[in-house]
Amino acid sequence: MVTLRQWHPRWTAVFLLLALLCCLFAPVVSVKHDNFKTCDQSGFCKRNRQFADDASASSSWMSPYTLDPASVSFKNGQLDAVVLKTLKEGEEKVRLPLTITFLDSGVARVTLDEEKRAKGDVTLRHDSQARKERYNEAGNWALVGGLKPAAGAALNSEAEQGYTKVVYGKASKHQAIIRHAPFGIEFQRDGETQVKFNERGFMNVEHWRPKAEKPKEEEKKEGEEETKEEDKKSEEQGEDESTWWEETFGGNTDSKPRGPEAIALDITFPGYAHVFGIPEHATSLSLKTTRGGDNAYTEPYRLYNADVFEYEMDSPMTLYGAIPFMQAHRKGSTVGVFWLNAAETWIDVTKKRNTANPLALGVEGHTDTQTHWMSESGILDIFVFLGPKPQDLTRQYGELTGYTAMPQSFAIAYHQCRWNYVTDEDVKDVDRRFDKFNIPYDVIWLDIEYTHEKKYFTWDPLTFVNPDKMQKQLDKRERKLVAIIDPHIKNTNDYPIIDELKKKDLAVKNKDGNQYEGWCWPGSSMWIDCFNPAAIDWWKGLFKYDRFKGTAHNTFIWNDMNEPSVFNGPETTMPKDNLHHGNWEHRDVHNINGMTFHNATYQAITERKKGEVRRPFVLTRAFYSGSQRSAAMWTGDNLAEWTHLEASIPMVLNQGISGFPFAGADVGGFFGNPSKELLTRWYQAGIYYPFFRGHAHIDTRRREPYVAGSPYTEIITQALRLRYQLLPAWYTAFHEASTTGAPIIRPNFYIHPEDENGFAVDDQLYIGSTGLLAKPVTKEGADSVSVYIADDQPYYDYFDYTTYSGAGHHTIPAPLEKTPLLMQGGHVIPRRDRPRRSSGLMKYDPFTLVVVLDKDGNAAGTLYVDDGETFDYQMGAFIHRRFSFDGARQALTSSNLETGQRTVKCEKYLKTMEKVRVEKIIIVGAPKAWKDKSEVVVMQEGEKESQRRKPMPMEYYPADGKKAAYVVVRDPRIYITKGWKIDFGEKGAGHEHHGHEH
Ligand SMILES: *[C@@H]1O[C@H](CO)[C@@H](O)[C@H](O)[C@H]1NC(C)=O
């Protein structure tokens, strides 16, 4: 959804003029830059960049922060102390309470607050009702675990004068070295420094101070000249006060009742040339520098959730969501920081090349990545991760903020959306056409036009006459409906929802404490404040089937515009001095706002009907750390252009390593009409987004897969079928994400952390742990792609088993009908090969296992299956198997990964699945020695020796040029719930016992 500015004719005129000028001078840029601040236009960002420049420029610069050694205490894994900020000579030092908690997981958490504000010992301006403290509740929303302090952490008594040291982490491998003056911290692993705080002295806590009002008379007399003189004076003293007390942008004035309160710190990763993370930006996976260097940006990366109209490619500009989690990677080590702050945040990234010292033999040159974090308000709260593997970071970050929720199985199939399917008949017609063309899909979506005058929880009585009947038709093929519900509530007379919102006083307030009124889709609107538990309770009630009439068990929800988007607000969002529950300013909680809303919707869907327990599905546009627990996300309003297709791959990969992997981009591009080639290529790429949805703007032509015509429709259908065929592999990857925090699609560095040449590779992806390596085509007219292979395993073409081996780039044919997909040797890939109309209809379909042998002739893989719908899996109702092919014993086995007691729920579930077979086994890269074989011996758990089966036929297909040899075993009469073994070796080998399971 997009924010159009049609409501105001004057704006439209200005916009048209601007658009015209843009067309003349810069045809590619379509984002309205003027709507969004640059660092220079954001007071605290400008001040802190200036602070950093001053610190860097002066050789005698001393950071004014020191730790008072007398204040240090250490108890139960936590260090407490006070950091003092020195002001001018003679002024009282500012006391900043510090805590460093050493967590059981090996992660350290550093917080720094400001005593005066924390005690409320300050006065706010403009009689503000806002809270006086620095915001310290971000953790309440973002964190769900992992906070147990480490029992083993201890002060190191051998610390030299001027330092405090704490050893912590597994086997005491970690150490925090706290320097007292100036204050700084180094985090070490195995004696080597990995992360440094305040190395460059950019730490800056803007302490509370009263506004020094100028005497009135003087003010009156002052002419322009004199004012400038005054400004200069304060600049000379090193402080630019012009944005301390008030800031105006785009005609909106922020009253800033607490004055300047930014918090900033430099964080250095010594020896790390690559940093990743901090979504959401349309940029490369390996983050570019922002203050000089090759191909650098000039602006810092910004995190301030915003409705960015037709966003720009290759830019550090803010987008819809924010995850302040950054990882630094080098060969042999991954470390990271999570900056837990929900206010507007900017991050500068620079790299420092240290050349080798020619006298120090064997010491190579290395690069440090230096970062500078700046937030407008809140306390300092940082988690430090010391790895050493990328998997350690995603797991530990997931322990803190939660793993991605296990979705219903339909949610990972294909979603068909458009702004808008205009009537219920239209929906039914689209549904029928998918069937007519034999194209699989699971979900059809309704954008805002289904509502009666943009009043959520209503249906347009003229166009959606019979939603129940529509849902019933969808349900016949186990299909679902997703309807949009946004956080802005129409402020109008004949609408019970707004009456309740007002009466119960559950809306966000303006700075004066009155219910805030702004402009959005419905015109005048108010915004539900989901920081308020009472608002969440009320929201839950609105989704009950008897309340939101026309919805059914197969209706799910899309939360859009929840940054929040406010058409007439500053930067298209809420004024920062608005007030939320508890009188926290919007400034403090902005980036969390969207998450509280989609979480409330998630909770609401779990309670629509008593006794109905299904996993909810909610799509959100705005997000924060923790959003993965209750939503999927998409990358917002992209364009039907090749560059947007290309950018979607690193963006979705970045979501994966940043703990929110259920992500995708609008297939086809939201704005504009894609060429048929672009649309086709986008589907071929979209099948690799964990969240896979086609979507289009209201002004675009229809583009459902059947519209394009031959051969495009057939090719798109093939791509969709490939997604459906691999759903078992995708579902297994989702399960892994939901239990370990591992990304669903994974970048090269995550799979091959030792391969330096591949650290920046972000245009290809691995699906989960399956070894499937996809390289989407993102260039117009391409008929081949270059795939980067990192290791010495054989890689086989998914479709014809052509072999590619050797580290480096390989050219792979990619005519329009082909999406390049390779299988890394060493894996067993589960599939379901029968084409169906929806994933729900595949529930009891048999499996195919593709066994892809590695260079030593081995392979292994896993499969996770559950009912795809309820929460019974949390009570053991699932199948989790490991398949492995042992090259030495020439046997493929299925074993149970779940060794615990079987629960009643589990038994019941297994019963429903007991007839589901493995109907086909393909072994790719089959040994030459098998060419004369024609039989295999099959054994299954529960069968007695005396019931030994007769050998079964196997087909051997010899290698053909570069195409690998393979064998096929058809219907070996084995079951997915059972342990079994297929022996490809000598007949005698079958006498061995296979492990029975219990
Ligand atoms: C989600 O909703 C639950 C239930 O109301 C609440 O306890 C929790 O704090 C919410 N979390 C977020 C992130 O909004």
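How do the residues of the shell around the ligand divide into nonpolar, polar and charged? Three are nonpolar, three are polar and one is charged. In this scheme Ala, Val, Leu, Ile, Met, Phe, Trp, Tyr, Cys and Pro count as nonpolar, Asp, Glu, Lys and Arg as charged, and the others, Gly among them, as polar.

Some ground rules. This is a predicted model, where local features need pLDDT of at least 70, side-chain atom pairs count only at pLDDT 80 or more, and totals for chains, interfaces and linings use all residues. Residues are numbered from 1 along each chain as its sequence is written, and side-chain values use heavy atoms, with hydrogens and water left out.

Back to the ligand. Around the ligand sit W141, I536, M595, T596, N599, Q603 and R629. Each has a heavy atom within 4 Å of the ligand. Helix α12, residues 586-606, gives the largest share of this shell: four residues. Helices here are DSSP runs of H or I, at least four residues; strands are runs of E, at least two; both are numbered from the N terminus.

Now two polar contacts, meaning pairs of N or O atoms within 3.5 Å. N599 places a polar side-chain atom 2.3 Å from a ligand oxygen. For Q603 that distance is 3.3 Å. Alone, the ligand exposes 360 Å², and the protein buries 69% of that. Those areas come from the Shrake-Rupley method with a 1.4 Å probe.

Next, the annotated spans. UniProt, in an unreviewed entry, lists "Glycoside hydrolase family 31 TIM barrel" for residues 404-733. That span is 33% helix and 14% strand, with its end C-alpha atoms 11 Å apart. The record also lists "Glycosyl hydrolase family 31 C-terminal" for residues 741-829. Here we have 4% helix and 36% strand, and the end C-alpha atoms are 21 Å apart. Such annotations may be inferred rather than shown by experiment.

How many disulfides does the structure hold? One. A disulfide is a covalent bond between the sulfur atoms of two cysteines. The cut-off used is sulfur atoms within 2.5 Å. C39 and C45 form it, with sulfur atoms 2.1 Å apart. The torsion about their S-S bond is about -100°, so the disulfide is left-handed.

Last, the backbone. A181 and P182 are joined by a cis peptide bond, omega about -10°. P182 is in the loop between β8 (174-179) and β9 (184-189). P279 to E280 is also cis, with omega near 20°. E280 lies in the loop between β15 (274-277) and β16 (301-303).

Key. A polar contact is a pair of N or O atoms within 3.5 Å; within protein, one must be able to donate a hydrogen and the other to accept it, and residues adjacent in sequence count only if both atoms are side-chain atoms.
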